[in-house]
Amino acid sequence: MNVAELIRHAQQTGTTRFAFELLPPLKGDGMEGIAATIDRLMPFDPAYINVTFHREVLKERQLPDGSFERHIVRRRPGTVGISAAIRQRYGVEVVPHLICGGHSRYDIEDALIDLDFLGLHNVLALRGDGFMSEPKFVPHPEGHAHAVDLVKQIAAMNRGEFVDGELEDCHRTSFSIGVAGYPETHSDAPSAESDLLHLKAKVDAGAEYIVTQLFYDNSRFFDFVRRCREAGITVPIVPGIKPLALVKHLETLPRIFGCHIPEELAREVRAHAEDRAAVRQIGTEWAIAQSRELKAAGIPVLHYYPMGKAENIIQIAKAIF
């Protein structure tokens, strides 16, 4: 079953499934580290595993004459390859991410063809981030500026339509397309209403389910679901959960992800700021409470962001699944 089918099956059977997201290994690393994380999480029967996609970054170095030289560095390549390796080794559905940033339509088409050859039929379609030095996202000159256009390209391939035209009697891909949703509004959106319209456009273009950005206040997720339904968005909405683990997360997570940290959680973390283990446990217990409430509400899949750290996700999974 692809991911959309797995979600529907969980809905029909009244179950809640476990899913998580991984980063590809750093360039120069092998699969051992990522396999060790997966090995520890497989006992919880994940419905699927997401693998993120990382675009190039610009680095600057000062030359002897005082001028600066900029060059491109690729730190985490291999999303397609590691996704295929996970699928073959563990037999679990894998969802590689695809992003607009830094890629032409032909680059994206080639990646989709490779995924199809490898038997990977799920993809999460994202715009991706721009360079930190850019005031706003700048697309590839022959690429997409918005995730909705990426969704349209993937859906077109499912119909046998390619960048340079439709092919007669060709093999049709069958990608199940997921997209991102933002309970607390995307940072580039002028308003929550505008953000919802863009999300609906992605669904209308062919997205079959939504995975949300992380959040710490379940009421904001439930309100987001309500607003989606009122806007005519009927596809499943999967909540994204990242346990808070460090004191600095109180500042960095809202800045990077635009999420609200409830005062009760922030106060407890600050009260134990000198005890790193205690802070981590507070964040884990908060995520367990979030997960219990979401599971009780009948959410079919809970999607976790371990960010390379499995210990707190294991503790959560033991309590919930």
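Predicted model: local features only at pLDDT ≥ 70, side-chain atom pairs only at ≥ 80, totals over all residues.
Residues are numbered from 1 along each chain as its sequence is written. Local features were required to have pLDDT of at least 70 and side-chain atom pairs pLDDT 80 or more, totals for chains, interfaces and linings use all residues, and side-chain values rest on heavy atoms, with hydrogens and water left out.

Eight strands, in the order E1-E2-E5-E6-E9-E10-E11-E12, close into a barrel with parallel pairing, where strands (E, at least two residues) and helices (H or I, at least four) are DSSP runs numbered from the N terminus and two strands pair if DSSP finds at least two bridges between them. Strand E10 (residues 209-214) and strand E11 (residues 237-241) run parallel and are joined by three bridges, with Val-211 standing opposite Val-238 in E11.

Within strand E2 (residues 48-51) lies Asn-50, which is buried at a relative accessible area of 1% (buried means under 20%, exposed over 50% and partly exposed in between, with a 1.4 Å probe and protein chains only). Contacts of Asn-50, not counting residues up to four places away in sequence, include Phe-20, Glu-21, Leu-22, Val-95, His-97, Leu-124 and His-303, contact meaning heavy atoms within 4.5 Å.

His-103 is placed in the loop between strand E5 (93-99) and helix H4 (105-117) and also counts as buried, at 15% relative accessibility. The side chain of His-103 reaches the backbone oxygen of Gly-101 at 2.8 Å, and His-103 touches Phe-53, Ile-108, His-140, Gly-143 and His-144, residues up to four places away in sequence not being counted.

Conventions:
Polar contact = N/O pair within 3.5 Å; in protein donor to acceptor, adjacent residues only side chain to side chain.
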